[in-house]
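Trainee: Could we go through this structure together, slowly, with one question at a time?

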Amino acid sequence: MPIDENIVNSILDTYRSMLKEVEGKANDESFEKMKITLQRIEDLAREMDDLSAYTAKLTTENLFIEFSNAYSNVMSTLMKKKYSNGVGDDILLQKTLNAYKDAVETLKDNAGNEKLIESIEDLITLGNTNISYPVFLRIAEEKGLNKALEGKIVVRDAILHDVEFAKFMHLPLEIEMHNKILEKYDNLASKAAFGVPDSFEFALNRQKIEWIYKPEINRWYMIIRIWEKILENVYDWLDSFGNFAPHDDRWLDMRDRSYTLKNIKRTQECNPGILKARENLFYEYFQLNGKIYLNMKHSSTSIMHGGYGILMKH
């Protein structure tokens, strides 16, 4: 008895649709390969009665892969034909003009871009004639107008956004770095045609500035990371004396209460030593002398009400 037709259809309908999609459009070796492969898949479905054996046979003969590869070749050939007759050039030209129109709208929101806007609009007018896309690109390159799409305002606004975000996050090194990048951008823009720096030259200068600041920025984040660990260590030690500690997930052990109490005791006895080790890391790695004073003799009540102080010194 052949495999259930509904199951076969659920497997093969996609491939049948792919073949139908290119019928009448292609008539080459790859198209014939698609037909032969799909026919083999159909024949096996009629000849076999075990679904597992059927799918295994399809896999061992690489039938799905062969069909997909042939389909890819057919589609590639069809696309080449489509774009070789000029249709592709028309599409690319229209996309380019749309991008220029978007650039003009962005530039209008900022003063001082009148000359650049005028040049782009001239290029849009040129593109709306019957000029071919290759000729359009050549003229844009010769006049240097292709740089308009590098996005003077978009790029500069992105840098300003980086500066503002660094200020919002209180990251002094990153504020300084992004201001340096902005200064370099403006310097290059002042010397460039239409006020748009060469993208490659700007990228190199930006990367150089980022490399200069990266070690100190990494150092800054490591200080914050270890400092947060120190605070976490202090908070855990303080909380371990609270009445809620036996019910807190940090110490709660589902085996029985004795294990929970051991966890709490471990925090109370070990965290001061861990704290000291983290202080030593501050001194060893960053030459920061961390002093965190905890009065270990206080009762839990006095501790929770401020029985500790924190002081950091270079």
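Trainee: How many helices and strands does the secondary structure of the chain come to?
Mentor: Keep in mind from the start that this is a predicted model. Reading along the sequence gives the pattern α-α-α-α-α-α-α-α-α-α-α-β-α-β. Counted up, the secondary structure comes to 12 helices and two strands.

Trainee: What percentage of the residues of the chain count as buried?
Mentor: Being buried means that a residue has under 20% relative accessible area. When that cut-off is applied to the 314 residues of the chain, the share that counts as buried is 33%.

Trainee: Which element of the chain has the lowest mean pLDDT?
Mentor: The chain as a whole averages a pLDDT of 77, and 79% of its residues score at least 70. Helix α9, residues 172–191, has the highest mean among the elements, at 89. Over residues 292–314, by contrast, the pLDDT is below 50, although this stretch has 52 contacts in the model beyond near neighbours in sequence. Where pLDDT is low, the predicted coordinates should not be read in detail, and the element with the lowest mean, 32, is helix α12.

Trainee: Are helices α1 and α2 roughly parallel or roughly antiparallel to each other?
Mentor: Two packed helices are described by the angle between their axes and the distance between the axes. Helix α1, residues 5–22, and helix α2, residues 29–47, have axes 11 Å apart and pack at an angle of about 160°. Angles over 145 degrees count as roughly antiparallel, so α1 and α2 are roughly antiparallel.

Trainee: How many residues of the contact of α1 with α2 are nonpolar?
Mentor: On the α1 side, the residues that meet α2 include Val 8, Leu 12 and Leu 19, while Phe 31, Met 34 and Ile 41 are among those in α2. The contact of α1 with α2 also has three charged residues and no polar ones, and its nonpolar residues number 11.

Trainee: Is the crossing of α10 and α11 left-handed or right-handed?
Mentor: Helix α10, residues 199–239, packs against helix α11, residues 257–286, at an angle of about 165°, with their axes 9 Å apart. Trp 227 and Trp 237 are among the α10 residues in this contact, and Phe 282 and Phe 286 are among those in α11. The residues of the contact divide into 12 nonpolar, four polar and five charged. As for the crossing of α10 and α11, its hand is left-handed.

Technical notes:
Residues are numbered from 1 along each chain as its sequence is written. This is a predicted model: local features need pLDDT of at least 70, side-chain atom pairs count only at pLDDT 80 or more; totals for chains, interfaces and linings use all residues. Side-chain values use heavy atoms; hydrogens and water are left out. Axes are lines fitted to C-alpha atoms, for helices over the stretch in contact, and angles run from 0 to 180 degrees between N-to-C directions. Helices (H or I, at least four residues) and strands (E, at least two) are DSSP runs, numbered from the N terminus. Angles under 35 degrees count as roughly parallel, over 145 as roughly antiparallel, 65 to 115 as roughly perpendicular and the rest as oblique. Contact means heavy atoms within 4.5 Å. Ala, Val, Leu, Ile, Met, Phe, Trp, Tyr, Cys and Pro count as nonpolar, Asp, Glu, Lys and Arg as charged, and the others, Gly among them, as polar. pLDDT is the predictor's confidence in each residue, from 0 to 100. Buried means under 20% relative accessible area, exposed over 50%, partly exposed in between (1.4 Å probe, protein chains only). A crossing is left-handed if the near helix is turned anticlockwise from the far one by less than a right angle, and right-handed if clockwise.
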